[in-house]
Amino acid sequence: MSVLEALCIPTLTKQRVPVKTLVEQLQPTPENKRLIESHVASIYLVSLLNEQTIHYRAYKDDDYSYQAIYVLQITLKKNDQLTDLTSQLHAAFPEPTILLMEHTDKEWISVAPKRISKIDQTKTVLEDNVVQEVNTDSMNYLNLSQISATNLKDYYTKIVQIAYKIGVLNLIKVYPTADLDYKSIIKEYQAIQTNINNLKEQYKRASMKSEKMDIDDQIYDEEQKQKKLIKNLKGETTNG
């Protein structure tokens, strides 16, 4: 089963979005242009979610516009720098987007809430960008037909929460049922992991035995923080 099939959403006949056209519309910096062209093999519009297709009404106020949600299937040439890449791809479309990416035997989903730009109201600004790898375990939680929402904005917000929950599932092998601030929890976990990786690099470069022992103690402390975070998270997800 593919991620698109797991979503259980109405689909379109695939419509190709030329990478060249997307780049021309986005007008990225030379660096971001290279990023897109070196990573994206193809893009197809595979679904359009709106009042006609999923029966949730559009939403519009001074800050947000959710007239439709575009679902795009992307074949990648390589799978690094996905956060930077998806930020560029989401920004190319004024309406909210769901990006489904594939490379060899791996798949990812990315969602990014947007608000209307205060400078140019014809443009939108990303408020967040979530990128999660999807595996056989997380496929079971992607059924969007089970969402109950009041409008398209509410519907998309709930998809974003599902993406964060999949991130938790990838970390602790338990899918959370409670609605917590998983964004902050995942960021805290990632920050600790970055500290651990940096300390391990420092350890390799250290020459004095006392310095190595000190760094080793710091690594232990960070790993204990990480274990405590996971333990608390498992308790919250099962209790929730």
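Me: Which residues are in contact with leucine 72, leaving aside its neighbours within four places in sequence?
Reply: Leucine 72 is in contact with Val17, Ile43, Tyr44, Leu45, Val46, Phe93, Thr97, Ile98, Leu99 and Leu100, where contact means heavy atoms within 4.5 Å. This is a predicted model, in which local features need pLDDT of at least 70 and side-chain atom pairs count only at pLDDT 80 or more, while totals for chains, interfaces and linings use all residues. Residues are numbered from 1 along each chain as its sequence is written, and side-chain values use heavy atoms, with hydrogens and water left out.

Me: Where does leucine 72 lie, and is it buried or exposed?
Reply: Leucine 72 lies in strand β5, residues 69-76; helices (H or I, at least four residues) and strands (E, at least two) are DSSP runs numbered from the N terminus. Its relative accessible area is 1%, so leucine 72 is buried. Buried means under 20% relative accessible area, exposed over 50% and partly exposed in between, with a 1.4 Å probe and protein chains only.

Me: Now the largest nonpolar core: which members touch the most others?
Reply: They are Ile98, Leu142, Leu144 and Tyr155, in a core of 46 residues. Helix α7 (residues 152-172) supplies the largest share of this core, 12 residues. Apart from it lies another core, of 21 residues, including Val23, Leu72, Ile74 and Ala92. A nonpolar core is a set of buried Ala, Val, Leu, Ile, Met, Phe, Trp, Tyr and Cys residues joined through side-chain atoms within 4.5 Å.

Me: And what does leucine 142 touch beyond four places in sequence?
Reply: Leucine 142 is in contact with Val3, Ala6, Leu7, Ile109, Val134, Ile162 and Ile166.

Me: Changing topic, how many aromatic pairs are there?
Reply: A search of the whole structure finds 4. One of them joins tyrosine 141 and tyrosine 175, which are stacked at 3.9 Å centre to centre, with 5 degrees between the planes. Rings of Phe, Tyr and Trp (its six-membered ring) pair if their centres lie within 6.5 Å; planes under 30 degrees apart count as stacked, over 60 as edge-to-face and the rest as tilted.

Me: What does that pair tie together?
Reply: Tyrosine 141 is in the loop between α6 (136-139) and α7, and tyrosine 175 is in the loop between α7 and α8 (182-205), so the pair ties together parts that are 34 residues apart in sequence. Tyrosine 141 is partly exposed at 35% relative accessibility, whereas tyrosine 175 is buried at 17%.

Me: What about glutamine 161: where is it, and which residues does it touch?
Reply: Glutamine 161 is in helix α7. Not counting residues up to four places away in sequence, glutamine 161 touches Asp179, Leu180 and Tyr182. A polar atom of its side chain lies 3.2 Å from the backbone oxygen of leucine 180.

Me: Which residues of α8 are buried?
Reply: In α8, Tyr182, Ile185, Ile186, Tyr189, Ile192, Ile196 and Leu199 are buried.

Me: One last topic: what is phi at glutamine 27 and at glutamine 81?
Reply: Phi is near 50 degrees for glutamine 27 and near 55 degrees for glutamine 81. Most residues other than glycine have a negative phi. Glutamine 27 is in the loop between α2 (19-26) and α3 (30-39) and is exposed, at 67% relative accessible area. Glutamine 81 is in the loop between β5 and α5 (82-91) and is partly exposed, at 43%.

Key:
A polar contact is a pair of N or O atoms within 3.5 Å; within protein, one must be able to donate a hydrogen and the other to accept it, and residues adjacent in sequence count only if both atoms are side-chain atoms.
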